[in-house]
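My plan is to look things up step by step and jot down what turns up.

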Amino acid sequence: MSATQSKPISIRSITKTYQTQSGEPVEALKPTALEIGAGEFVVVVGPSGCGKSTLLNMLAGFGEPSSGEARVSDVRITGPDIDRGMVFQSYALFPWRDVIGNVEFGLEQKGIPKRGRREIALKYLHMVGLQDFANKEVDELSGGMKQRVAIARAFATEPSIIFMDEPFGALDALTRRFLQRELLHIWQEHKKTIVFVTHSVPEAIYLGDRIVVMTARPGRIKTIINVDLPHPRDATSDTFRDIERAIYAQLDAELAKSFALEGREIAVAAAD
Amino acid sequence: MSSLLKTLSRVVPLLVAIAVIVIVWQLIVVIFKPHPSLLPSVVLPAQEFWHLLASGELLDHTSVSLARVFSAWLLAGSIAIPLGLAMGWSRRFENIVDPFVELFRPISPLAWIPLAILWFGIGETGKVFVVFVATFFPTLISTVAGVKRIDPVLIHAGQVLGCTSDAMLLRKVVFPAALPAIVVGLRISFGTGWAAIIAAELVAARSGLGYLIANGMEILRADKVVVGMAMIGILGVCFDAFFRFLSRRFAWGTT
(Lines give C-alpha, C1' and ligand atoms only; values in the text may rest on other atoms or scores of the structure.)
Protein backbone atom coordinates (compact mmCIF):
# COMPACT_ATOMS: atom_id res chain seq x y z
CA MET A 1 0.00 0.00 0.00
CA SER A 2 1.35 3.39 -0.89
CA ALA A 3 1.99 5.38 2.22
CA THR A 4 0.40 8.80 1.87
CA GLN A 5 1.25 11.31 4.51
CA SER A 6 -1.27 11.69 7.28
CA LYS A 7 -1.61 15.24 8.51
CA PRO A 8 -2.19 17.01 11.83
CA ILE A 9 -5.23 19.19 12.52
CA SER A 10 -5.08 22.36 14.54
CA ILE A 11 -8.42 23.65 15.81
CA ARG A 12 -8.05 27.23 17.05
CA SER A 13 -10.96 28.35 19.22
CA ILE A 14 -13.62 27.87 16.58
CA THR A 15 -17.28 28.57 17.35
CA LYS A 16 -20.52 28.05 15.51
CA THR A 17 -23.70 30.03 15.95
CA TYR A 18 -26.77 29.19 13.89
CA GLN A 19 -29.64 31.44 12.97
CA THR A 20 -33.03 29.84 13.62
CA GLN A 21 -35.88 30.52 11.20
CA SER A 22 -37.28 33.15 13.51
CA GLY A 23 -33.88 34.84 13.42
CA GLU A 24 -32.74 33.91 16.89
CA PRO A 25 -29.09 32.97 17.19
CA VAL A 26 -28.40 29.52 18.61
CA GLU A 27 -24.96 28.78 19.91
CA ALA A 28 -24.04 25.27 18.78
CA LEU A 29 -20.36 25.30 19.63
CA LYS A 30 -18.55 27.43 22.20
CA PRO A 31 -14.89 28.31 21.56
CA THR A 32 -13.15 24.98 21.01
CA ALA A 33 -9.43 24.38 20.62
CA LEU A 34 -7.75 21.05 19.99
CA GLU A 35 -4.52 19.81 18.48
CA ILE A 36 -4.76 16.47 16.68
CA GLY A 37 -1.52 14.76 15.74
CA ALA A 38 -0.76 13.20 12.37
CA GLY A 39 -1.95 9.59 12.34
CA GLU A 40 -3.83 9.99 15.60
CA PHE A 41 -7.22 8.35 16.22
CA VAL A 42 -9.36 10.87 18.12
CA VAL A 43 -12.89 10.03 19.21
CA VAL A 44 -15.42 12.71 20.14
CA VAL A 45 -18.25 11.69 22.49
CA GLY A 46 -21.05 13.75 23.92
CA PRO A 47 -24.82 13.94 24.40
CA SER A 48 -27.05 14.50 21.37
CA GLY A 49 -26.95 18.06 20.12
CA CYS A 50 -23.64 18.82 21.81
CA GLY A 51 -22.17 20.14 18.59
CA LYS A 52 -19.90 17.20 17.84
CA SER A 53 -21.34 16.80 14.35
CA THR A 54 -21.17 20.56 13.90
CA LEU A 55 -17.49 20.42 14.75
CA LEU A 56 -16.89 17.53 12.35
CA ASN A 57 -18.77 19.24 9.52
CA MET A 58 -16.65 22.36 9.90
CA LEU A 59 -13.48 20.28 9.82
CA ALA A 60 -14.76 18.58 6.65
CA GLY A 61 -15.36 22.04 5.20
CA PHE A 62 -19.19 21.90 4.95
CA GLY A 63 -19.71 25.06 6.97
CA GLU A 64 -17.59 28.04 7.89
CA PRO A 65 -16.94 28.56 11.61
CA SER A 66 -18.59 31.67 13.03
CA SER A 67 -15.22 32.60 14.49
CA GLY A 68 -11.82 31.02 14.81
CA GLU A 69 -10.30 28.66 12.30
CA ALA A 70 -9.11 25.11 11.77
CA ARG A 71 -5.92 24.24 9.94
CA VAL A 72 -4.59 21.08 8.37
CA SER A 73 -0.78 21.08 8.23
CA ASP A 74 -1.05 24.83 8.72
CA VAL A 75 -3.38 25.33 5.74
CA ARG A 76 -6.68 26.88 6.69
CA ILE A 77 -9.81 24.77 5.98
CA THR A 78 -12.09 26.76 3.70
CA GLY A 79 -14.13 24.04 2.01
CA PRO A 80 -14.42 20.33 1.31
CA ASP A 81 -11.32 18.67 -0.12
CA ILE A 82 -10.60 15.22 -1.52
CA ASP A 83 -7.64 15.08 0.91
CA ARG A 84 -10.11 14.95 3.80
CA GLY A 85 -12.40 11.93 3.44
CA MET A 86 -15.61 11.29 5.29
CA VAL A 87 -17.74 8.32 6.31
CA PHE A 88 -21.37 9.14 7.06
CA GLN A 89 -23.84 7.45 9.40
CA SER A 90 -26.31 6.94 6.54
CA TYR A 91 -23.54 5.51 4.29
CA ALA A 92 -24.21 8.06 1.51
CA LEU A 93 -23.47 5.56 -1.23
CA PHE A 94 -24.49 6.57 -4.75
CA PRO A 95 -27.38 4.23 -5.65
CA TRP A 96 -26.92 4.73 -9.40
CA ARG A 97 -23.47 3.17 -9.22
CA ASP A 98 -22.60 -0.41 -8.35
CA VAL A 99 -20.27 -1.25 -5.47
CA ILE A 100 -17.00 -0.80 -7.35
CA GLY A 101 -18.40 2.26 -9.13
CA ASN A 102 -18.84 3.88 -5.73
CA VAL A 103 -15.26 3.14 -4.73
CA GLU A 104 -14.02 4.44 -8.08
CA PHE A 105 -15.91 7.76 -7.78
CA GLY A 106 -13.17 9.67 -5.98
CA LEU A 107 -10.49 8.07 -8.15
CA GLU A 108 -12.22 9.46 -11.24
CA GLN A 109 -12.09 12.91 -9.70
CA LYS A 110 -8.39 12.44 -9.12
CA GLY A 111 -7.99 11.75 -12.83
CA ILE A 112 -6.72 8.18 -12.47
CA PRO A 113 -7.20 6.29 -15.76
CA LYS A 114 -9.81 3.54 -15.98
CA ARG A 115 -7.58 0.50 -15.55
CA GLY A 116 -5.72 1.95 -12.61
CA ARG A 117 -9.02 2.92 -11.00
CA ARG A 118 -10.36 -0.61 -11.15
CA GLU A 119 -7.20 -2.03 -9.71
CA ILE A 120 -7.14 0.42 -6.80
CA ALA A 121 -10.87 0.04 -6.14
CA LEU A 122 -10.55 -3.75 -6.03
CA LYS A 123 -7.63 -3.48 -3.65
CA TYR A 124 -9.71 -1.41 -1.23
CA LEU A 125 -12.75 -3.64 -1.62
CA HIS A 126 -10.43 -6.49 -0.72
CA MET A 127 -9.36 -4.52 2.34
CA VAL A 128 -12.95 -4.56 3.64
CA GLY A 129 -13.53 -8.13 2.43
CA LEU A 130 -16.02 -7.25 -0.31
CA GLN A 131 -13.99 -8.05 -3.43
CA ASP A 132 -16.63 -10.60 -4.47
CA PHE A 133 -19.36 -7.96 -4.32
CA ALA A 134 -17.70 -5.51 -6.71
CA ASN A 135 -20.46 -5.67 -9.31
CA LYS A 136 -23.43 -5.84 -6.94
CA GLU A 137 -25.92 -3.03 -6.78
CA VAL A 138 -25.78 -0.97 -3.59
CA ASP A 139 -29.45 -1.75 -2.80
CA GLU A 140 -28.62 -5.44 -2.57
CA LEU A 141 -26.25 -4.96 0.39
CA SER A 142 -26.94 -5.05 4.12
CA GLY A 143 -26.26 -1.98 6.24
CA GLY A 144 -22.94 -3.34 7.50
CA MET A 145 -21.78 -4.12 3.96
CA LYS A 146 -22.83 -0.67 2.77
CA GLN A 147 -20.71 0.92 5.47
CA ARG A 148 -17.76 -1.24 4.50
CA VAL A 149 -18.13 -0.02 0.91
CA ALA A 150 -18.25 3.55 2.24
CA ILE A 151 -15.06 2.92 4.24
CA ALA A 152 -13.35 1.47 1.17
CA ARG A 153 -14.52 4.49 -0.83
CA ALA A 154 -13.14 6.92 1.76
CA PHE A 155 -9.75 5.20 1.99
CA ALA A 156 -9.39 4.58 -1.77
CA THR A 157 -8.61 8.22 -2.57
CA GLU A 158 -5.85 8.01 0.06
CA PRO A 159 -6.76 11.15 1.97
CA SER A 160 -4.52 12.21 4.80
CA ILE A 161 -7.47 12.60 7.19
CA ILE A 162 -10.74 10.69 7.52
CA PHE A 163 -13.76 11.98 9.43
CA MET A 164 -16.30 9.47 10.64
CA ASP A 165 -19.71 10.73 11.76
CA GLU A 166 -21.31 7.99 13.90
CA PRO A 167 -20.47 5.51 11.16
CA PHE A 168 -21.69 2.47 13.05
CA GLY A 169 -24.66 4.13 14.74
CA ALA A 170 -27.27 2.49 12.52
CA LEU A 171 -25.83 -1.03 12.75
CA ASP A 172 -26.69 -3.91 15.06
CA ALA A 173 -24.34 -4.61 17.98
CA LEU A 174 -22.56 -7.61 16.44
CA THR A 175 -21.93 -5.99 13.06
CA ARG A 176 -20.76 -2.94 14.92
CA ARG A 177 -18.23 -4.93 16.92
CA PHE A 178 -16.95 -6.59 13.78
CA LEU A 179 -16.55 -3.31 11.91
CA GLN A 180 -14.80 -1.63 14.84
CA ARG A 181 -12.17 -4.36 14.75
CA GLU A 182 -11.90 -4.08 10.97
CA LEU A 183 -11.52 -0.31 11.13
CA LEU A 184 -8.74 -0.63 13.70
CA HIS A 185 -6.84 -3.02 11.42
CA ILE A 186 -7.20 -0.65 8.49
CA TRP A 187 -6.15 2.34 10.56
CA GLN A 188 -3.10 0.50 11.93
CA GLU A 189 -2.07 -0.38 8.41
CA HIS A 190 -2.75 2.99 6.76
CA LYS A 191 -2.09 5.31 9.71
CA LYS A 192 -4.52 8.02 8.64
CA THR A 193 -5.52 10.75 11.01
CA ILE A 194 -9.05 9.81 12.09
CA VAL A 195 -11.62 11.95 13.86
CA PHE A 196 -14.49 9.72 14.89
CA VAL A 197 -17.77 10.93 16.38
CA THR A 198 -19.96 8.58 18.42
CA HIS A 199 -22.19 8.47 21.45
CA SER A 200 -21.10 4.99 22.39
CA VAL A 201 -18.61 5.16 25.24
CA PRO A 202 -17.27 1.58 24.86
CA GLU A 203 -16.79 2.22 21.14
CA ALA A 204 -14.80 5.36 21.94
CA ILE A 205 -12.53 3.52 24.38
CA TYR A 206 -12.11 0.55 22.06
CA LEU A 207 -10.96 2.75 19.16
CA GLY A 208 -9.48 6.01 20.35
CA ASP A 209 -5.98 7.17 21.24
CA ARG A 210 -7.68 10.13 22.84
CA ILE A 211 -11.30 10.68 23.76
CA VAL A 212 -12.74 14.17 23.67
CA VAL A 213 -15.78 14.48 25.95
CA MET A 214 -18.12 17.31 24.99
CA THR A 215 -20.53 19.23 27.23
CA ALA A 216 -24.26 19.56 26.62
CA ARG A 217 -25.50 22.30 24.30
CA PRO A 218 -23.89 24.70 23.69
CA GLY A 219 -21.00 22.31 23.18
CA ARG A 220 -17.43 22.75 24.24
CA ILE A 221 -14.71 20.34 25.30
CA LYS A 222 -15.34 19.18 28.84
CA THR A 223 -12.34 16.92 29.20
CA ILE A 224 -9.86 14.89 27.18
CA ILE A 225 -8.95 11.36 28.19
CA ASN A 226 -5.88 9.51 26.95
CA VAL A 227 -6.31 5.81 26.39
CA ASP A 228 -2.92 4.13 26.68
CA LEU A 229 -4.13 0.53 26.44
CA PRO A 230 -2.59 -1.58 23.67
CA HIS A 231 -4.77 -2.86 20.83
CA PRO A 232 -6.83 -5.01 20.66
CA ARG A 233 -8.45 -3.70 23.80
CA ASP A 234 -10.35 -5.99 26.10
CA ALA A 235 -13.65 -4.37 27.01
CA THR A 236 -13.91 -6.57 30.11
CA SER A 237 -10.55 -5.56 31.60
CA ASP A 238 -10.42 -3.46 34.76
CA THR A 239 -8.62 -0.52 33.14
CA PHE A 240 -11.18 -0.42 30.32
CA ARG A 241 -13.96 -0.44 32.92
CA ASP A 242 -12.29 2.32 34.94
CA ILE A 243 -12.05 4.58 31.91
CA GLU A 244 -15.65 3.77 31.00
CA ARG A 245 -16.81 4.67 34.49
CA ALA A 246 -14.89 7.94 34.41
CA ILE A 247 -16.38 8.99 31.06
CA TYR A 248 -19.92 8.03 32.09
CA ALA A 249 -19.51 10.11 35.24
CA GLN A 250 -18.61 13.12 33.08
CA LEU A 251 -21.41 12.44 30.62
CA ASP A 252 -24.09 11.83 33.24
CA ALA A 253 -23.60 15.32 34.60
CA GLU A 254 -23.98 16.71 31.06
CA LEU A 255 -27.02 14.57 30.31
CA ALA A 256 -28.70 15.79 33.49
CA LYS A 257 -28.05 19.36 32.35
CA SER A 258 -29.38 18.81 28.85
CA PHE A 259 -32.49 17.06 30.13
CA ALA A 260 -33.12 19.90 32.54
CA LEU A 261 -32.67 22.33 29.64
CA GLU A 262 -35.10 20.38 27.46
CA GLY A 263 -37.57 20.22 30.33
CA ARG A 264 -37.39 23.96 30.72
CA GLU A 265 -37.92 24.46 27.00
CA ILE A 266 -40.97 22.22 27.08
CA ALA A 267 -42.29 24.11 30.10
CA VAL A 268 -41.72 27.44 28.33
CA ALA A 269 -43.41 26.15 25.19
CA ALA A 270 -46.36 24.92 27.25
CA ALA A 271 -46.62 28.27 29.03
CA ASP A 272 -46.75 30.03 25.65
CA MET B 1 -42.20 -17.41 -16.26
CA SER B 2 -43.24 -14.99 -13.56
CA SER B 3 -42.54 -12.08 -15.90
CA LEU B 4 -44.87 -13.69 -18.44
CA LEU B 5 -47.54 -13.95 -15.76
CA LYS B 6 -46.96 -10.33 -14.83
CA THR B 7 -47.38 -9.25 -18.45
CA LEU B 8 -50.54 -11.34 -18.73
CA SER B 9 -51.94 -9.86 -15.53
CA ARG B 10 -51.55 -6.40 -17.08
CA VAL B 11 -52.75 -7.26 -20.58
CA VAL B 12 -55.77 -9.39 -19.70
CA PRO B 13 -57.69 -6.64 -17.81
CA LEU B 14 -56.99 -4.33 -20.73
CA LEU B 15 -58.44 -6.84 -23.19
CA VAL B 16 -61.46 -7.35 -20.95
CA ALA B 17 -62.02 -3.58 -20.87
CA ILE B 18 -61.83 -3.41 -24.66
CA ALA B 19 -64.33 -6.25 -24.96
CA VAL B 20 -66.74 -4.52 -22.56
CA ILE B 21 -66.49 -1.25 -24.51
CA VAL B 22 -67.20 -3.03 -27.80
CA ILE B 23 -70.17 -4.94 -26.35
CA VAL B 24 -71.76 -1.86 -24.75
CA TRP B 25 -71.20 0.10 -27.96
CA GLN B 26 -72.83 -2.57 -30.09
CA LEU B 27 -75.76 -2.84 -27.65
CA ILE B 28 -76.35 0.91 -27.94
CA VAL B 29 -76.29 0.63 -31.72
CA VAL B 30 -78.75 -2.29 -31.69
CA ILE B 31 -81.15 -0.73 -29.16
CA PHE B 32 -81.16 2.95 -30.18
CA LYS B 33 -80.34 2.55 -33.88
CA PRO B 34 -78.50 5.91 -34.29
CA HIS B 35 -77.67 7.16 -37.76
CA PRO B 36 -74.33 5.59 -38.88
CA SER B 37 -72.85 9.07 -39.41
CA LEU B 38 -73.35 9.69 -35.67
CA LEU B 39 -72.53 6.27 -34.22
CA PRO B 40 -71.81 3.45 -36.63
CA SER B 41 -71.84 -0.21 -35.62
CA VAL B 42 -68.55 -1.68 -34.51
CA VAL B 43 -68.03 -3.29 -37.88
CA LEU B 44 -67.74 -0.07 -39.87
CA PRO B 45 -64.76 1.48 -38.02
CA ALA B 46 -63.10 -1.92 -37.95
CA GLN B 47 -63.39 -2.11 -41.73
CA GLU B 48 -62.25 1.49 -42.06
CA PHE B 49 -59.30 0.71 -39.78
CA TRP B 50 -58.12 -2.09 -42.09
CA HIS B 51 -58.81 0.05 -45.11
CA LEU B 52 -56.75 2.98 -43.78
CA LEU B 53 -54.04 0.64 -42.58
CA ALA B 54 -53.79 -1.12 -45.93
CA SER B 55 -53.69 2.15 -47.86
CA GLY B 56 -50.90 3.39 -45.57
CA GLU B 57 -52.94 6.48 -44.72
CA LEU B 58 -53.25 5.59 -41.04
CA LEU B 59 -49.53 5.05 -40.61
CA ASP B 60 -48.79 8.32 -42.39
CA HIS B 61 -51.06 10.31 -40.06
CA THR B 62 -49.71 8.48 -37.03
CA SER B 63 -46.07 9.02 -37.89
CA VAL B 64 -46.69 12.69 -38.63
CA SER B 65 -48.29 13.18 -35.20
CA LEU B 66 -45.58 11.19 -33.46
CA ALA B 67 -42.79 13.10 -35.19
CA ARG B 68 -44.30 16.40 -34.03
CA VAL B 69 -44.63 15.18 -30.45
CA PHE B 70 -41.16 13.65 -30.32
CA SER B 71 -39.34 16.67 -31.71
CA ALA B 72 -41.17 19.10 -29.42
CA TRP B 73 -40.80 16.80 -26.42
CA LEU B 74 -37.06 16.39 -26.96
CA LEU B 75 -36.62 20.12 -27.49
CA ALA B 76 -38.59 20.89 -24.32
CA GLY B 77 -36.62 18.30 -22.36
CA SER B 78 -33.27 19.63 -23.52
CA ILE B 79 -34.20 23.05 -22.14
CA ALA B 80 -36.37 22.09 -19.15
CA ILE B 81 -33.93 19.57 -17.65
CA PRO B 82 -30.87 21.87 -17.41
CA LEU B 83 -33.12 24.74 -16.31
CA GLY B 84 -34.75 22.53 -13.68
CA LEU B 85 -31.37 21.34 -12.40
CA ALA B 86 -30.24 24.95 -12.02
CA MET B 87 -33.50 26.00 -10.33
CA GLY B 88 -33.40 23.09 -7.90
CA TRP B 89 -29.75 23.71 -7.16
CA SER B 90 -29.70 27.48 -6.67
CA ARG B 91 -32.35 29.10 -4.50
CA ARG B 92 -31.42 32.52 -5.85
CA PHE B 93 -31.83 31.42 -9.46
CA GLU B 94 -35.14 29.76 -8.60
CA ASN B 95 -36.41 32.96 -7.00
CA ILE B 96 -35.75 34.79 -10.26
CA VAL B 97 -37.20 32.22 -12.66
CA ASP B 98 -40.06 30.81 -10.61
CA PRO B 99 -42.45 33.80 -11.00
CA PHE B 100 -42.30 33.39 -14.79
CA VAL B 101 -42.99 29.68 -14.46
CA GLU B 102 -45.90 30.31 -12.08
CA LEU B 103 -47.47 32.81 -14.50
CA PHE B 104 -47.22 30.65 -17.60
CA ARG B 105 -47.85 27.24 -16.11
CA PRO B 106 -51.60 27.62 -15.42
CA ILE B 107 -52.24 28.60 -19.06
CA SER B 108 -53.42 25.48 -20.84
CA PRO B 109 -51.21 24.63 -23.82
CA LEU B 110 -54.44 24.56 -25.83
CA ALA B 111 -54.90 28.27 -25.16
CA TRP B 112 -51.70 28.83 -27.12
CA ILE B 113 -53.13 27.27 -30.29
CA PRO B 114 -54.70 30.50 -31.64
CA LEU B 115 -51.47 32.44 -31.13
CA ALA B 116 -49.48 29.58 -32.61
CA ILE B 117 -51.63 29.75 -35.76
CA LEU B 118 -51.32 33.55 -35.94
CA TRP B 119 -47.55 33.40 -35.52
CA PHE B 120 -46.61 30.29 -37.43
CA GLY B 121 -49.59 29.49 -39.65
CA ILE B 122 -50.68 25.88 -39.95
CA GLY B 123 -47.21 24.46 -40.69
CA GLU B 124 -45.08 22.26 -38.48
CA THR B 125 -43.61 25.06 -36.37
CA GLY B 126 -46.94 25.94 -34.78
CA LYS B 127 -47.62 22.33 -33.80
CA VAL B 128 -44.18 21.89 -32.34
CA PHE B 129 -44.65 25.12 -30.43
CA VAL B 130 -47.91 23.99 -28.84
CA VAL B 131 -46.49 20.59 -27.85
CA PHE B 132 -43.39 22.32 -26.54
CA VAL B 133 -45.54 24.37 -24.16
CA ALA B 134 -47.43 21.23 -23.14
CA THR B 135 -44.29 19.18 -22.39
CA PHE B 136 -42.03 21.87 -20.97
CA PHE B 137 -43.66 22.46 -17.60
CA PRO B 138 -44.20 18.87 -16.41
CA THR B 139 -40.55 18.11 -17.19
CA LEU B 140 -39.35 21.28 -15.48
CA ILE B 141 -41.44 20.84 -12.34
CA SER B 142 -40.42 17.20 -11.97
CA THR B 143 -36.74 18.02 -12.40
CA VAL B 144 -36.81 20.82 -9.82
CA ALA B 145 -38.61 18.57 -7.33
CA GLY B 146 -36.14 15.76 -8.04
CA VAL B 147 -33.16 17.97 -7.26
CA LYS B 148 -34.73 19.28 -4.08
CA ARG B 149 -35.42 15.79 -2.81
CA ILE B 150 -31.77 14.74 -3.03
CA ASP B 151 -30.40 13.70 0.35
CA PRO B 152 -27.87 16.46 1.26
CA VAL B 153 -25.50 13.79 2.53
CA LEU B 154 -25.01 12.62 -1.10
CA ILE B 155 -23.91 16.13 -2.02
CA HIS B 156 -21.48 16.13 0.90
CA ALA B 157 -20.16 12.74 -0.18
CA GLY B 158 -19.59 14.09 -3.69
CA GLN B 159 -17.74 17.07 -2.27
CA VAL B 160 -15.32 15.11 -0.11
CA LEU B 161 -14.72 12.78 -3.05
CA GLY B 162 -13.42 15.60 -5.19
CA CYS B 163 -16.39 17.39 -6.77
CA THR B 164 -15.26 20.85 -5.79
CA SER B 165 -17.08 22.92 -8.43
CA ASP B 166 -20.84 23.25 -8.84
CA ALA B 167 -20.58 22.09 -12.45
CA MET B 168 -18.83 18.91 -11.38
CA LEU B 169 -21.34 18.24 -8.58
CA LEU B 170 -24.28 18.81 -10.93
CA ARG B 171 -22.89 16.39 -13.49
CA LYS B 172 -21.63 13.63 -11.21
CA VAL B 173 -24.09 13.73 -8.30
CA VAL B 174 -27.11 16.00 -8.76
CA PHE B 175 -28.11 14.84 -12.24
CA PRO B 176 -27.88 11.08 -11.59
CA ALA B 177 -29.54 11.49 -8.19
CA ALA B 178 -32.44 13.40 -9.77
CA LEU B 179 -32.69 11.15 -12.84
CA PRO B 180 -35.54 8.96 -11.52
CA ALA B 181 -37.67 12.09 -11.02
CA ILE B 182 -36.61 13.43 -14.43
CA VAL B 183 -37.72 10.21 -16.14
CA VAL B 184 -41.10 10.47 -14.40
CA GLY B 185 -41.39 14.05 -15.66
CA LEU B 186 -40.58 12.94 -19.19
CA ARG B 187 -43.23 10.23 -19.01
CA ILE B 188 -45.91 12.60 -17.79
CA SER B 189 -44.97 15.25 -20.33
CA PHE B 190 -45.10 12.79 -23.20
CA GLY B 191 -48.73 12.17 -22.21
CA THR B 192 -49.58 15.85 -22.06
CA GLY B 193 -47.77 16.42 -25.37
CA TRP B 194 -49.68 13.59 -27.01
CA ALA B 195 -52.96 15.14 -25.88
CA ALA B 196 -51.90 18.61 -27.05
CA ILE B 197 -50.85 17.58 -30.56
CA ILE B 198 -54.26 16.04 -31.25
CA ALA B 199 -55.94 19.28 -30.16
CA ALA B 200 -53.60 21.37 -32.29
CA GLU B 201 -54.23 19.13 -35.31
CA LEU B 202 -57.99 19.28 -34.78
CA VAL B 203 -57.89 23.04 -35.17
CA ALA B 204 -55.43 23.52 -37.98
CA ALA B 205 -53.65 20.80 -39.89
CA ARG B 206 -53.61 18.86 -43.13
CA SER B 207 -52.15 15.71 -41.64
CA GLY B 208 -51.90 13.85 -38.36
CA LEU B 209 -54.37 11.82 -36.30
CA GLY B 210 -56.11 14.99 -35.12
CA TYR B 211 -56.63 15.97 -38.74
CA LEU B 212 -58.00 12.48 -39.50
CA ILE B 213 -60.58 12.98 -36.77
CA ALA B 214 -61.51 16.54 -37.73
CA ASN B 215 -61.80 15.53 -41.37
CA GLY B 216 -64.03 12.58 -40.46
CA MET B 217 -66.32 14.97 -38.64
CA GLU B 218 -66.52 17.37 -41.59
CA ILE B 219 -67.47 14.67 -44.06
CA LEU B 220 -69.87 13.05 -41.57
CA ARG B 221 -67.81 9.87 -41.25
CA ALA B 222 -68.01 8.90 -37.59
CA ASP B 223 -66.22 5.64 -38.40
CA LYS B 224 -63.11 7.61 -39.42
CA VAL B 225 -63.38 9.66 -36.23
CA VAL B 226 -63.49 6.47 -34.17
CA VAL B 227 -60.48 5.00 -35.97
CA GLY B 228 -58.45 8.11 -35.14
CA MET B 229 -59.55 8.03 -31.50
CA ALA B 230 -58.75 4.32 -31.17
CA MET B 231 -55.28 4.89 -32.57
CA ILE B 232 -54.64 7.69 -30.08
CA GLY B 233 -55.72 5.44 -27.23
CA ILE B 234 -53.65 2.45 -28.34
CA LEU B 235 -50.48 4.48 -28.81
CA GLY B 236 -51.03 6.29 -25.51
CA VAL B 237 -51.17 2.98 -23.65
CA CYS B 238 -48.11 1.65 -25.48
CA PHE B 239 -45.94 4.67 -24.77
CA ASP B 240 -46.99 4.84 -21.15
CA ALA B 241 -46.05 1.18 -20.73
CA PHE B 242 -42.71 1.83 -22.39
CA PHE B 243 -41.91 4.77 -20.12
CA ARG B 244 -42.97 2.84 -17.05
CA PHE B 245 -40.53 0.16 -18.06
CA LEU B 246 -37.83 2.83 -18.50
CA SER B 247 -38.53 4.46 -15.15
CA ARG B 248 -38.14 1.12 -13.39
CA ARG B 249 -34.63 0.97 -14.77
CA PHE B 250 -33.92 4.37 -13.22
CA ALA B 251 -35.65 3.78 -9.91
CA TRP B 252 -32.72 4.21 -7.52
CA GLY B 253 -33.27 5.98 -4.27
CA THR B 254 -37.04 5.58 -4.47
CA THR B 255 -37.32 2.40 -2.41
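I began with β1(A) and β4(A): they run antiparallel and share five bridges. One spot I checked along this pair is T15(A), which stands opposite S67(A) in β4(A). A reminder to myself: this is a predicted model, so I'm reading computed values throughout.

Next I followed β4(A) to β5(A). That pairing is antiparallel too, over two bridges. I looked up V72(A) and found V75(A) of β5(A) as its bridge partner. The hairpin formed by β4(A) and β5(A) leaves two residues between the strands, and S73(A) has a positive phi near 45° there.

Then I went to the other neighbour. Strand β1, residues 9-19 of chain A, pairs antiparallel with β2(A) over eight bridges. Here I picked out K16(A), whose bridge partner in β2(A) is L29(A).

What order do the strands of the sheet have? I wrote down β2-β1-β4-β5 for chain A, an open sheet of four strands with antiparallel pairing. Its edge strands are β2 (25-36) and β5 (75-76) of chain A, since each pairs on one side only.

Which strands does helix α1 of chain A touch? I found that this helix, residues 52-60, packs on the sheet and touches β1, β2 and β4 (67-72) of chain A. Its direction makes about 115° with that of β1(A).

Now for where the two chains meet. I have 19 residues of chain B in contact with 21 residues of chain A. About 1700 Å² is buried between the chains, and carbon and sulfur atoms give 72% of that area. On the chain B side, I noted V160(B), L161(B) and K172(B) as the residues that lose the most area to chain A; together they make up 39% of what that side buries.

Last stop, the largest pocket. I put its space at about 700 Å³. How many residues line the largest pocket? I got 18, and I18(B), V22(B), W25(B), A230(B) and I234(B) lie nearest its centre. Three helices of chain B, α1 (2-32), α2 (43-55) and α10 (222-249), each supply at least two residues of the lining.

How values were computed
Residues are numbered from 1 along each chain as its sequence is written. Chains are lettered from A and ligands numbered from 1 in the order in which they are written. This is a predicted model: local features need pLDDT of at least 70, side-chain atom pairs count only at pLDDT 80 or more; totals for chains, interfaces and linings use all residues. Side-chain values use heavy atoms; hydrogens and water are left out. Two strands pair if DSSP finds at least two bridges between them. Contact means heavy atoms within 4.5 Å. Axes are lines fitted to C-alpha atoms, for helices over the stretch in contact, and angles run from 0 to 180 degrees between N-to-C directions. On a 1 Å grid over the protein atoms alone, a cavity is a set of points where a 1.4 Å probe fits but cannot get out, and a pocket is an open set with protein on both sides within 12 Å along at least five of seven lines; lining residues have an atom within 4 Å of a point. Grid points are joined across faces, edges and corners, and a volume is the space filled by probe spheres set on the points. Buried area is the accessible area (1.4 Å probe) that two parts lose on being put together, summed over both.
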